[in-house]
Each structure stands twice: as C-alpha cells, then as structure tokens.
Amino acid sequence: MIKVVIADDEVRICQLIDALVDWKKQDMEVVGTAHNGLEALDMVRTLQPDILITDIRMPGCSGLELVGQAKERVPELEIIIVSGYAHFEYAQQAIRYGVGDYLLKPVNKAEMTMTLEKLKLRILQRKENRLGQMEMKRKTEKDRELLQANLIDAILAQKAEKLTEEELRNTYGLRVGPGLFQAFIMKMDCGREEMGQTSISLLMDKAKETLELELREKCTELLPELRGLVCAGFLNYAEDRQEDIRRAFKSAINQLELQKSLFRPVSFSVALGSAGTSPEKLQASMKEASLLIEERLLQGTGRLFERLQEPSGLGQKGILEQYLREMSHAVEVKSMELLEDCLCAFSERILSIKDVRGYELLEAVYSAAEMFAIKSKIPDRTACLNEFHRQCGRCSSAEEIFSCLKELETGCLSGQIRELEEESIRPIRKAKQYIQEHYSEPITQEEVSSAVGLSSTYFSTLFKKTDGEGFARYLMGIRMEQARTLLRETNLPVAEICRRVGYNDLKHFTKTFEKAAGVKPSVYRKLYG
C-alpha cells in the first residue's frame with residue numbers, strides 16, 4: 001500500500017483532494033493531512049510516506065522549504081505541488097528541487113488520478129529495483145560464502161597452491177593484510193555411541209561461535225568452516241599478536257571443556273599449523289595441523305597442539321608386515337583366537353614405540369583395516385572402510401581406535417565362520433530331509449551321500465560332527481520313532497509296520513525295536529496303543 005500525506009493551509013482543499021481520488025482503487029492510503037509546513041514536515045519524518053501532495057505556499061514553513069527539507073529526510077519521496085497561476089514561478093523553482101509533478105488550481109480529478117498513477121508506477125519500479133538489488137546482494141554474499149567454503153576445502157585437500165593476498169581480497173572478499181597466516185583445526189570427539197546430527201550441529205556451531213568470539217577482534221581476518229566433527233580454517237593477524245592468538249585458542253578450549261556436558265561428554269582439541277608471512281604457506285600449515293590434531297589420541301584431548309615433532313619411523317619397523325602374516329594365517333584357518341592374539345600384539349608393538357606420533361598410529365590402523373578387508377574379501381569393501389574411518393573419527397584415544405579395528409575384524413571373521421558352518425550344515429540338512437522322505441526304503445549311506453553331492457567318507461565324518469551321532473544310528477532312530485507312531489495309532493500287523501519302516505527281517509526289526517523302546521513291539525502296543 002502506497003502512503004500519501006496531503007498538506008494545505010486550507011482545510012477544504014485537503015478535503016477536496018482526499019475526495020477526488022479513489023485511493024483504494026489506486027492501492028494508496030492517505031495516512032495524514034497537515035495544514036502548515038512544519039506539521040507536514042513532522043508527518044514526513046514520522047509516517048515515512050511515499051507521496052506528499054502540498055500547496056506551494058503555506059504558513060510556518062513555505063512549500064519550497066518543505067520540499068527541500070522533506071527531500072533531505074526521505075530522498076525517494078515523490079512530491080506533487082499544487083499551485084495557482086499567480087505563484088507559478090515558485091512551482092518552477094520547486095521542480096528544480098526534484099518534485100515529481102505539479103498541478104494548477106483548481107485541481108482536476110482526471111489530472112490528479114493520472115499524476116498519481118504515473119508516480120505509483122515510478123515508486124513500484126523503484127521498489128522492484130531495490131528488491132532486485134537486495135536479492136543480487138544476497139546472491140553475491142551467498143556466492144562469496146560458497147567461494148570461501150571451497151577455499152577451505154581446497155586448502156584441506158592440498159589443492160590451493162600459490163595463494164596471494166590480492167586473490168584472497170579480490171576473489172574471496174577477505175580482509176587480509178600484512179602479518180602472519182596460520183591454519184587451524186578444531187576437533188570434537190563424541191565417542192562411538194551414536195550422537196544425533198542435531199546435537200552434533202548444535203555443539204559444533206557453539207564451538208565455532210566460541211572461537212570467533214575469542215579470536216575475531218585479535219585478527220585482521222578469520223575464516224572458520226564446519227565439516228562434521230571438525231572446524232577447519234585459517235586466520236591472518238599482526239606478527240606482534242601471535243601470543244595473544246595462542247592464549248585466545250586456549251581460552252576457547254577451556255570454555256568448550258566447561259560446556260562439553262551440554263548433551264553428553266564430548267572433548268574438544270585444537271591444532272595450529274606453523275604461521276607464515278604469506279598465504280602461500282597456508283596449505284603446508286593446514287597439512288601440519290591435520291597431522292597434529294591426531295596427537296590427541298596419545299596425549300589426551302582438551303589441549304592445544306603446536307609444533308609437529310619428527311616421526312618415529314613406525315613404518316620402517318616391520319610391524320605392519322608382521323601383522324599381515326599373523327592376520328592372514330588367522331583368516332585362512334578361520335581362527336578367532338589367533339586373530340584376537342594378532343590384534344593384541346599389533347597394538348602392543350605400536351604403543352611400545354618411543355615417541356610414536358598420533359597420525360602414524362592412525363595410518364597404521366587404517367592400513368591394517370585395508371589389509372584385512374582385502375585378505376578376508378569383505379563384500380563392498382569401500383563402504384565398509386568408509387564406515388570404519390567414520391567410527392575412528394569419533395574416537396579420542398588410541399584404545400578406542402584399536403577397539404574399532406578389533407570390532408571390524410572379529411565381527412567380519414565371526415560372520416565368515418558362521419557362514420562356513422552353515423555351508424557345512426546345509427548338506428546334512430538335505431540328507432536328513434532325504435532320510436525323512438525315504439526311511440521306508442532300504443536306503444544306504446552311499447545313496448544319501450550321493451544325493452547331497454558328498455563322498456561317503458566325508459559325509460560320514462561331517463554327519464557325525466554336525467549331529468553328534470552317525471548316519472546309521474540317526475536312520476534307525478527315525479525308523480523306530482515311526483514304528484512307535486504306527487503301533488500307537490494303527491491296527492496294522494507288526495510285520496506290516498516292520499516293512500513300512502524299511503525293515504525286511506521281522507526278527508531283526510523286533511530286536512532293534514526292543515533295544516530302542518525297552519519292550520517288544522507287541523508289548524508296546526498293549527501299553528500305549
């Protein structure tokens with residue numbers, strides 16, 4: 001709705017103008033009428049109208065003064081001046097001040113409506129342009145934010161070589177200046193119990209906010225970006241503020257440690273790469289911070305890690321080679337005990353190395369997991385290892401990392417052992433089904449083993465191992481159970497029952513039944529039939 005103020009020292013003129021126009025049809029509203037220049041000026045200030053209709057001469061503040069001062073307060077205000085022929089020279093002067101249009105008295109309805117429609121179009125066009133500019137500004141800001149986020153990703157991925165201050169300012173919109181450039185990584189560890197994404201996002205937003213509050217005023221520029229459980233970024237600051245920056249990071253960690261039980265126990269750690277005098281050094285600084293942050297696995301969380309130490313040379317000590325030999329043997333023979341011994345020895349050998357670095361430990365564990373995945377032929381290996389890395393990313397200690405590895409390997413091997421056992425049991429199940437269907441026939445072990453695709457010797461061994469008794473004893477048990485049923489539930493002669501359960505010799509059947517049931521068939525029928 002376009003707002004209009006009418007100003008004239010004659011009340012009836014104000015009323016006339018108000019009555020001339022169908023304001024609702026024009027999507028306009030008269031929000032005030034003034035009868036002198038000062039009153040009109042006050043309405044312009046308080047009501048912020050879009051259009052002011054005013055007489056050229058009024059007491060208290062002339063129309064010309066009103067136009068000038070109103071334009072100062074609201075530069076986009078559209079003004080229509082109403083003038084008689086006797087004062088037309090004033091109207092000409094007012095036009096030079098930037099009024100939208102002028103009308104001669106007596107005011108004509110058609111002319112007034114036409115003038116308002118013209119100004120309305122101008123106002124709406126201006127508002128549309130302003131909205132477009134705001135949208136463009138928002139888009140520009142969004143594009144800049146995306147560029148800055150991509151910059152951090154490129155630095156993390158070591159794909160941002162030869163960065164310059166000019167590029168950071170012009171391309172990424174960053175306010176960098178002379179001084180030091182330093183990358184950092186803040187890591188939240190939340191344990192292997194699943195924490196909801198909402199909780200993670202809230203805690204990481206809080207952590208980022210805490211960093212910004214501590215560091216923003218001490219830096220020329222600060223660019224932090226959240227990536228899951230990590231906040232990675234860099235800062236630019238004056239060389240003489242390096243100690244202030246260290247203290248600010250430590251203060252942020254202390255605050256986060258106090259707040260970490262907001263949902264459940266979590267831990268925060270920060271690693272600082274080396275500071276350099278050029279943004280070109282940021283990539284190396286970020287790599288250093290990425291390696292340093294893993295020190296928390298050995299030294300504990302809730303700390304600021306600086307100055308990466310020399311590697312211990314874990315890779316040259318043959319630990320992975322020894323693990324591979326032991327693990328391969330355990331997988332081949334499908335021994336859970338051997339695998340657990342192998343994993344225990346692997347962790348002990350790594351942790352016994354003096355000054356082993358956190359990133360070396362993590363790389364060794366990742367390599368061990370990949371070796372196992374290849375050797376044990378884990379289906380969908382890539383997805384499995386990605387999930388393993390995600391689980392390790394939630395851990396805050398070496399013990400938890402080794403626990404992840406043990407869970408991966410023992411879980412996989414136990415599954416393979418179960419599958420192997422089921423494969424072994426499957427032909428025995430088929431054999432038992434065959435026996436149930438053919439027990440009344442003179443079947444033999446050779447016949448059944450052939451039916452399930454096994455040699456007679458292997459079938460005999462496997463059957464006894466799986467069922468706890470041999471084939472012949474199992475077949476006899478099935479036949480005797482059927483004989484009992486027929487004796488209880490039918491009046492068939494014993495000789496017929498003997499034939500129906502697969503025996504040709506009545507005497508042999510009777511003897512076998514008596515041995516199994518404790519009484520002869522005829523006595524069993526009298527007792528239970």
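These legends describe close-up views of a predicted model.

**View 1. Five strands form an open, parallel sheet.**
The strand order is E2-E1-E3-E4-E5. Strand E2 (28–34) and strand E5 (101–104) stand at the edges. Each has a single partner strand, so one side of each is left without a neighbour in the sheet. Neighbouring strands are turned by 20° against each other on average, ignoring direction.

**View 2. Gln48 has a positive phi in a loop.**
Look between helix H2 (37–47) and strand E3 (51–55) to find Gln48. Its phi is about 50°, although Gln48 is not a glycine. Gln48 is partly exposed, with a relative accessible area of 40%.

**View 3. Strands E7 and E8 form a hairpin.**
Strand E7 spans residues 221–227, and strand E8 spans residues 230–237. The two run antiparallel and are joined by seven bridges. Arg227 stands opposite Val230 in E8. Two residues lie between the strands. Gly228, in the turn, has a positive phi of about 65°. E7 is mostly covered, with five of its seven residues buried.

**View 4. Lys334 sits in the loop between helix H11 and H12.**
Helix H11 covers 319–333. Lys334 is not a glycine, yet it has a positive phi of about 55°. With 28% relative accessibility, Lys334 counts as partly exposed.

**View 5. Helices H12 and H15 cross.**
Helix H12 covers residues 336–351, and helix H15 covers residues 398–438. Their axes come within 10 Å and cross at roughly 160°. That makes H12 roughly antiparallel to H15, because angles over 145 degrees count as roughly antiparallel. The crossing is right-handed. Residues in H12 that meet H15 include Met336, Leu339, Glu340 and Phe346. On the H15 side, Phe402, Lys406, Thr410 and Ile417 are among the contacting residues. The residues of this contact divide into 11 nonpolar, three polar and three charged.

Key:
Residues are numbered from 1 along each chain as its sequence is written. This is a predicted model: local features need pLDDT of at least 70, side-chain atom pairs count only at pLDDT 80 or more; totals for chains, interfaces and linings use all residues. Side-chain values use heavy atoms; hydrogens and water are left out. Buried means under 20% relative accessible area, exposed over 50%, partly exposed in between (1.4 Å probe, protein chains only). Helices (H or I, at least four residues) and strands (E, at least two) are DSSP runs, numbered from the N terminus. Two strands pair if DSSP finds at least two bridges between them. Axes are lines fitted to C-alpha atoms, for helices over the stretch in contact, and angles run from 0 to 180 degrees between N-to-C directions. Angles under 35 degrees count as roughly parallel, over 145 as roughly antiparallel, 65 to 115 as roughly perpendicular and the rest as oblique. A crossing is left-handed if the near helix is turned anticlockwise from the far one by less than a right angle, and right-handed if clockwise. Contact means heavy atoms within 4.5 Å. Ala, Val, Leu, Ile, Met, Phe, Trp, Tyr, Cys and Pro count as nonpolar, Asp, Glu, Lys and Arg as charged, and the others, Gly among them, as polar.
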